[in-house]
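Here is a short briefing on one protein structure. Keep the sequence and the 3D view open as you read.

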Amino acid sequence: DRIITEAEELGTRVFFLIGGEPFFYEPLLDVLEQHPDSVFQPYTNATLIDENVADRLQRMGNVVPAVSLEGFSTETNNRRGNNVFERAMAAMDIMKDRGLMMAFSATATPNNVDIITSNEWVDMMIEKGAFYGWYFTYVPVGLNPDLNYMPTPEERNRLRQGVSRVRRSKPLLVADFWNDGPLTGGCIAGGRRYIHINNKADVEPCVFVHFAVDNLKEKSLVDALGSDFFKGFRSMQPFGHNLLRPCPIIDHPAVIKSLVTKYGARPTHEGADDLFKPDLHHGLIQYAKGVADLYKPVWDEEYQWVDRWVLEDEEYK
């Protein structure tokens, strides 16, 4: 409640909540109900959203669940457990019956990138009542990171094309956390537009950057935002001219390593610094090169409009 209040005082009105499973936290809705002027989006597997929870969400009006799915039953249950897909579909029906605004969230891997942008899957999301959806790309962080789950550069481009097709042809707002870099002027992390606070109150630049210098049990939010680490992070944005490649982890891996080293940011969990082990770091460098080579002609041919509004903005001058 203190963190939300401090953020609201700085002008923040949109909060994303992740887990684990946010709805396991019993006081969750009690806290969110105290902030009716802000909007909260919990990323959820929806297995705990029953009629009672949905009724309360309807009364509150400021919580927009994003149901995490990997595709259809096979893809979702393979990652999230038996019968999770079926329970999520039932929860979406319950929320739709009450007119609740909800979204979906899908993580692209080589196993599902074409499925989650297919007409069949998108039409199912619309029929289930999703107003909008987030597409993420698998990032090799956390425990046991594995480069093999990352979409190849070609698959990442197919995701870009698929999202564009959905926007043109479906009554659904969709966003791609990486390929939409041209719409946001590149990376928004490090307090430029967004930060991540983990379950220990460590203040991280991004949900995927598991390094921090400050903890909100010891500092205020505004002081953490003004840290040298975050100021240094922001001073380097955007990390490259081609905003289809916005990410300092998977598109510019040398950048995140240099920032963490320069400002003495500590890993926020055991194994976070595996990101810099030779095999993984070298693999990310090779991946970034492949994306750079593929996206250079795409940027030059399809994104001339970006120079006319983003890169001429005073923020970048």
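Rings of Phe, Tyr and Trp (its six-membered ring) form an aromatic pair if their centres lie within 6.5 Å. By this rule, the count is 20 aromatic pairs. Keep in mind that the model is predicted.

**Aromatic rings**

- A pair of aromatic rings is described by the distance of the centres and the angle of the planes.
- Take Phe15 and Phe40: their ring centres are 5.1 Å apart and their planes are at 20 degrees, so this pair is stacked.
- Phe15 sits in strand β1 (residues 14-17) and Phe40 in strand β2 (residues 39-44), so the pair ties together parts that are 25 residues apart in sequence.
- Both Phe15 and Phe40 are buried.
- Phe177 and Trp178 make an edge-to-face pair, with 5.2 Å centre to centre and 65 degrees between the planes.
- Phe177 is partly exposed at 27% relative accessibility, whereas Trp178 is buried at 2%.
- Phe177 and Trp178 also belong to one aromatic cluster, along with Phe16, Tyr43, Trp134, Phe136, Tyr194 and Phe208.

**Two helices in contact**

- Two packed helices are described by the angle between their axes and the distance between the axes.
- The axes of helix α11 (residues 253-263) and helix α12 (residues 278-302) come within 9 Å and cross at roughly 135 degrees.
- That angle makes α11 oblique to α12.
- From α11, Pro253, Ala254 and Lys257 take part; they meet His281, Leu284, Ile285 and Ala288 of α12.
- The residues of this contact divide into five nonpolar, one polar and one charged.

**A buried loop residue**

- Thr268 is in the loop between β10 (266-267) and α12.
- Is Thr268 buried or exposed? Thr268 is buried, with a relative accessible area of 3%.
- Leaving out residues up to four places away in sequence, Thr268 touches Asn198, Lys200, Asp202, Glu204, His210, Phe211 and Ala212.

**Salt bridges**

- The whole structure holds 19 salt bridges.
- Glu70 and Arg79 form one of them, at 3.3 Å from N to O.
- Glu70 is buried, with a relative accessible area of 5%, but Arg79 is exposed at 52%.
- Asp228 pairs with Lys231 in a salt bridge, and their closest N and O atoms are 4.0 Å apart.
- Asp228 and Lys231 are three residues apart in helix α10 (residues 228-235), so about one helical turn separates them.
- Asp228 is exposed at 51% relative accessibility, while Lys231 is partly exposed at 45%.
- Asp274 forms a salt bridge with Lys277, with the closest N and O atoms 3.2 Å apart.
- Asp30, Glu33 and Arg56 are linked in a salt-bridge network.

Key: Residues are numbered from 1 along each chain as its sequence is written. This is a predicted model: local features need pLDDT of at least 70, side-chain atom pairs count only at pLDDT 80 or more; totals for chains, interfaces and linings use all residues. Side-chain values use heavy atoms; hydrogens and water are left out. Axes are lines fitted to C-alpha atoms, for helices over the stretch in contact, and angles run from 0 to 180 degrees between N-to-C directions. Helices (H or I, at least four residues) and strands (E, at least two) are DSSP runs, numbered from the N terminus. Angles under 35 degrees count as roughly parallel, over 145 as roughly antiparallel, 65 to 115 as roughly perpendicular and the rest as oblique. Contact means heavy atoms within 4.5 Å. Ala, Val, Leu, Ile, Met, Phe, Trp, Tyr, Cys and Pro count as nonpolar, Asp, Glu, Lys and Arg as charged, and the others, Gly among them, as polar. Rings of Phe, Tyr and Trp (its six-membered ring) pair if their centres lie within 6.5 Å; planes under 30 degrees apart count as stacked, over 60 as edge-to-face and the rest as tilted. Buried means under 20% relative accessible area, exposed over 50%, partly exposed in between (1.4 Å probe, protein chains only). A salt bridge is a side-chain nitrogen of Lys or Arg within 4 Å of a carboxyl oxygen of Asp or Glu.
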